[in-house]
Amino acid sequence: MIAIVDYDAGNIRSVAGALERLGQQYELTADPERLLAADRVILPGVGNAAHALESLRQKGLYEVIRSLRRPVLGICVGLQLLCRDSEEGPVEGLGVFDAHVRRFPDEPQIKVPHMGWNALGNLDGKLMKGLQSGTFVYFVHSYYPSLCQDTVATCRHGSTLFSAALRYENFYGTQFHPEKSGDAGSRILQNFIDL
Amino acid sequence: MVAKRIIPCLDVKDGQVVKGIHFEGLREVGDAVGMGVRYAREGADELVYLDISATQEGRSTFVDLVREIARGIDIPFTVGGGISSIDHAARLLDAGADKISLNSSAIADPSLITHIASQYGSQFVVVAIDARTIPAGSGNWRCTTHGGKVQTERELFAWAHEAQERGAGEILFTSMDHDGTCKGYACEVYARLHEELKIPVIASGGAGNIADIVEVLTTGQADAALAASIFHYGQISIPELKKALAEAGVNVRPTAI
């Protein structure tokens with residue numbers, strides 16, 4: 001069973017829809033016991049990182065998420081919460097990934113939020129299996145995770161090269177939305193299920 | 001680099017896709033979820049569903065359709081039409097919409113943009129602007145509401161700036177001078193919006209052929225092109241369009257099929 005963390009900060013319906021299309025069973029839950037018992041945990045997230053983190057704390061899930069030993073996938077703000085810290089707040093993250101989350105700089109002709117389909121590069125590891133460099137996926141964000149030793153895919157917006165996906169031990173994260181990224185996104189979700 | 005987006009727009013009435021010329025004389029063309037799935041498979045980058053019955057008749061059955069769309073399609077979609085409160089926006093978000101577009105209601109109460117954007121983020125709020133030149137053919141663009149039926153005094157560029165300042169994540173501009181004519185987009189307006197705004201601009205109204213779309217994404221510098229009839233009636237196929245755009249040097253996401 002896949003658990004989708006239900007903490008009032010998620011694009012839960014979209015992630016649930018993607019799992020349904022892949023024929024997967026899932027549950028929406030904020031119950032620590034259910035999360036600890038799940039085969040896979042997806043931590044979605046949209047909006048403000050500081051609000052999302054506060055919401056996670058209020059539900060008593062901060063330590064629970066960090067203690068999970070089965071594969072965990074953070075999506076967008078869900079990934080950002082797993083990083084060291086975020087300039088959005090600013091706020092301390094769970095520190096699973098070595099990345100810092102920073103705001104895109106102001107640059108002429110470069111729009112923020114980074115919204116739309118962009119190409120992945122430097123793909124590495126099981127989550128990105130079967131995908132080619134240059135594959136387009138869907139992003140919507142104004143803050144980005146920096147490059148670090150956990151980076152397993154990169155993307156460029158303006159002059160900024162950032163981590164499009166991260167992995168540390170059983171923790172995975174995508175800054176883009178696999179649930180909104182067509183066939184490429186379905187492949188990535190299937191890879192996560194197949195880990 | 002972010003790819004330029006191609007966005008089919010599906011006008012929905014009673015769960016069916018319709019498209020009217022100049023927003024009048026409606027005619028049914030197909031099933032909303034089924035057409036969305038088809039467009040996603042063909043390589044559409046995003047979809048817009050407009051509930052055209054909402055403003056006039058206040059329908060709420062659209063929310064159920066949004067839930068079905070979210071289950072059925074694997075690309076982002078925007079919903080619009082008659083969204084006039086933060087509660088209404090929240091219901092659509094909960095049903096699975098990625099973005100909402102505000103039009104008449106934002107002009108009636110601009111603070112709606114501020115409230116929804118601060119609650120759910122700018123990425124959730126598209127401000128749709130319909131405007132026409134007064135007198136026709138002049139450079140004086142004034143906004144309209146209610147599908148072009150009501151003329152307002154609001155000046156297009158001032159309103160676009162205000163929408164951005166209030167937290168809109170994107171501007172969807174439709175030229176009522178061009179909409180339904182199939183003679184091309186209002187390119188000079190998009191170029192100016194691109195120049196003046198920091199947020200992405202979606203072009204809508206006037207596409208008649210592939211060259212029109214190439215032009216608005218190059219000369220017009222729009223971030224995305226939206227069209228309806230030319231896709232619905234099969235005058236342009238999305239794979240063909242993507243190929244032509246790539247050949248013209250436009251950065252697009254290639255169609256998988």
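How many residues of chain A are in contact with residues of chain B? I found 25 of chain A in contact with 25 of chain B, where contact means C-beta atoms, placed from the backbone, within 7 Å.

A note on ground rules: I am working with a predicted model, where local features need pLDDT of at least 70, side-chain atom pairs count only at pLDDT 80 or more, and totals for chains, interfaces and linings use all residues. Residues are numbered from 1 along each chain as its sequence is written, with chains lettered from A and ligands numbered from 1 in the order in which they are written.

**Interface.** On the chain A side, I saw that the largest share, six residues, comes from helix 1 of chain A. Helices (H or I, at least four residues) and strands (E, at least two) are DSSP runs, numbered from the N terminus.

**Helix pair.** Next I looked up helix 1 (residues 32-42) of chain B and helix 3 (residues 62-72) of chain B, whose axes come within 9 Å and cross at roughly 30 degrees. Axes are lines fitted to C-alpha atoms, for helices over the stretch in contact, with angles from 0 to 180 degrees between N-to-C directions. That makes the two helices of chain B roughly parallel (angles under 35 degrees). Among the contact residues are Gly36(B) of helix 1 and Gly72(B) of helix 3.

**Sheet.** In chain A I traced an open sheet of seven strands, order 2-1-3-4-13-12-11, with mixed pairing; strands pair if DSSP finds at least two bridges between them. Strand 1 (residues 2-5) and strand 3 (residues 40-43) of chain A run parallel, joined by three bridges. There, Ile4(A) stands opposite Ile42(A).

Notes:
Angles under 35 degrees count as roughly parallel, over 145 as roughly antiparallel, 65 to 115 as roughly perpendicular and the rest as oblique. Two residues are in contact if their C-beta atoms, placed from the backbone, lie within 7 Å.
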